[in-house]
Amino acid sequence: MQSPNLWQALQERRYLRTGWPWRVAAYLLTSVVLGAATMVCLVGLAVTGGILAVVLIGVPLLLTLALTGIPVAAMERRRLRLVDPAVPLASGHRNPERTGLSSWLRTRFLERQTWRELGYTLLFAFVLWPLEALVVGSVLAVCGGLLATPLVMATAGGGEEARVIKLWIVHSYPGAFAAALAGLLLLPLLAYPLSVFAAGRAVVTRQLLDVPDGRDDVRVQELSRSRMRLVNAFEAERRRIERDLHDGAQQRLVALSMTLGLARLEAPGEPLGGVLAKAHEEAKEALVEIRELIRGIHPQILTDRGLVAALEDIADRSAVPVDVRLDLPGRPHEAIESAVYFAVCEALANVAKHSRATRASVTGGAEGGRLVVEVRDNGVGSADTLGGTGLVGVADRLSVFGGHLLMSSPPGGPTVFRLQVPCSPDQSRN
């Protein structure tokens, strides 16, 4: 069942007996503390960066200032769960196309969401938290002043009189305790307007930090579904071709090779023996080639034993020694399994052709609802995805499932290919 938000909780009669007032208090108090810290941080970065920008040292500080909205927005999304846990806010940030700081910075500075979060951070630091401090401070000052009246009378007034929140004076302990009782009764009454204020504050946060393009257009959704249908149809066609070659052409070549072998035994002399020997060798070479073709279309070991076994088979046949360490809780969906397999095959083929590596590794597993596989080598680096169509095709195929291909290849190595594909439990098979 979906969790209620603060607006729904306020409509319940037993609101004051629930934990919601305490959650409101935690939300507003942490907002004041975080807002004050954010304001100090922004002013410090702006002043220091502006002064030092003359000698270029302050430029990194100004760039950091532009990115302060990212951690502040992440904290605000977490705090929002205190008063509005029903629908958590999504981040809205894209994954960089490559690994490394420069790629991350380029992606963040080109994102619209980064600047929305910076705008929210400025509003939070200079408008929202002072308003919250005023509201919370007023409630604490009124209720706290009333509750502290007997203590003030006993200490500051010498037991004769006490000023109640600087508005009137009481001259006896019964009057002081009456003021304290009024403060005690006023506290739960003020919890309602304080909660309404917190609920409105949460609405402002959600409106400003929500991802506007998170609600996909109908045409975009249909395009995604059609792409998935095309991938499934393509995968089914690959399997049909593999099955036809395996059960048809390969079996005929096996029979032909056996027949030629028997013919060589019956006619060992020249010139027929030489022709039969040559035909026998060519039939065996054709059989090897068609087996490699079948394995390239869709390896039988991938269907029968799964991704880990298939990648271990590829590693055994690789020209470069490859260590495989994969920890998968179950078998992914067959289309995802196939896409990851051919992506790793392409990455290992590049390692063998271009990297001049002496060793490579394939590692990975399930991380936060994603299937992550990393191919690393100890080669010379400087690989480029723009140099050919193989890796571009791999990235396009993974993108159909919402996946990404990230590559890091500095000069001197190592080269790292990182595949990330969403793989929720309902997409897995046993």
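Which residue forms a salt bridge with arginine 201? The partner is glutamate 76, and the closest N and O atoms of the two are 3.3 Å apart. A salt bridge here is a side-chain nitrogen of Lys or Arg within 4 Å of a carboxyl oxygen of Asp or Glu. This is a predicted model, in which local features need pLDDT of at least 70, side-chain atom pairs count only at pLDDT 80 or more, and totals for chains, interfaces and linings use all residues. Residues are numbered from 1 along each chain as its sequence is written, and side-chain values use heavy atoms, with hydrogens and water left out.

**The chain as a whole**

- The chain has 14 helices and seven strands; helices (H or I, at least four residues) and strands (E, at least two) are DSSP runs, numbered from the N terminus.
- Of the 430 residues in the chain, 37% are buried. Buried means under 20% relative accessible area, exposed means over 50%, and partly exposed lies in between (1.4 Å probe, protein chains only).
- The accessible surface is about 24,200 Å², and carbon and sulfur atoms account for 63% of that area. Accessible areas come from the Shrake-Rupley method with a 1.4 Å probe, and for residues only the protein chains shown count as cover.
- Of the contacts between residues at least 6 apart in sequence, 68% join residues at least 24 apart. A contact means heavy atoms within 4.5 Å.

- Five strands form an open sheet in the order 3-4-5-7-6, with mixed pairing. Two strands pair if DSSP finds at least two bridges between them.
- Strand 3 (322–327) and strand 6 (404–408) are the edge strands, each pairing on one side only.
- On average, neighbouring strands of this sheet are turned by 10° against each other, direction ignored.
- Strand 5 (residues 370–377) and strand 7 (residues 415–422) run antiparallel and are joined by eight bridges.
- Valine 375 has phenylalanine 417, in strand 7, as its bridge partner.
- In general, strands of a sheet pair through backbone hydrogen bonds, either parallel or antiparallel.

**Helices across the sheet**

- Helix 12 (residues 307–316) lies across strand 3, strand 4 (360–367) and strand 5, and runs at about 175° to strand 3. Axes are lines fitted to C-alpha atoms, for helices over the stretch in contact, and angles run from 0 to 180 degrees between N-to-C directions.
- Helix 13 (residues 334–355) lies across strand 3, strand 4, strand 5 and strand 7, and runs at about 10° to strand 5.

**Salt bridges**

- The count comes to twelve salt bridges.
- Arginine 201 is in helix 8 and glutamate 76 is in helix 4 (residues 69–80), so this pair links parts of the chain that are 125 residues apart.
- Arginine 201 counts as buried because its relative accessibility is 4%, and glutamate 76 counts as buried because its value is 1%.
- Glu76, Arg79, Glu132 and Arg201 are linked in a network of salt bridges.
- Another salt bridge joins arginine 206 to aspartate 84, with the closest N and O atoms 2.9 Å apart. Arginine 206 lies in helix 8 and aspartate 84 in the loop between helix 4 and helix 5 (101–109), so the pair ties together parts that are 122 residues apart in sequence.
- Arginine 206 is buried at a relative accessible area of 17%, and aspartate 84 is buried at 12%.
- Aspartate 313 and arginine 317 also meet in a salt bridge (3.2 Å, N to O). Aspartate 313 is partly exposed at 23% relative accessibility, and arginine 317 is partly exposed at 38%.

**Nonpolar surface patch**

- Val43, Val47, Ile51, Leu122, Leu123, Phe126, Val127, Val204 and Leu208 make a nonpolar surface patch of about 700 Å². Patches are made of residues with over 30% relative accessible area and no salt bridge: like charges are joined within 9 Å, and nonpolar side chains (Val, Leu, Ile, Met, Phe, Trp, Tyr) within 5 Å.
- Helix 2 (20–52), helix 6 (112–147) and helix 8 (173–209) are the elements that give two or more residues to the patch.
- Helix 6 gives the most, with four residues.
- Valine 47 lies in helix 2 and counts as partly exposed because its relative accessibility is 46%.

**Proline 85**

- Proline 85 sits in the loop between helix 4 and helix 5, and is partly exposed with a relative accessible area of 21%.
- The C-alpha atoms of proline 85 and asparagine 5 are separated by 6.2 Å, while the two residues are 80 residues apart along the chain.
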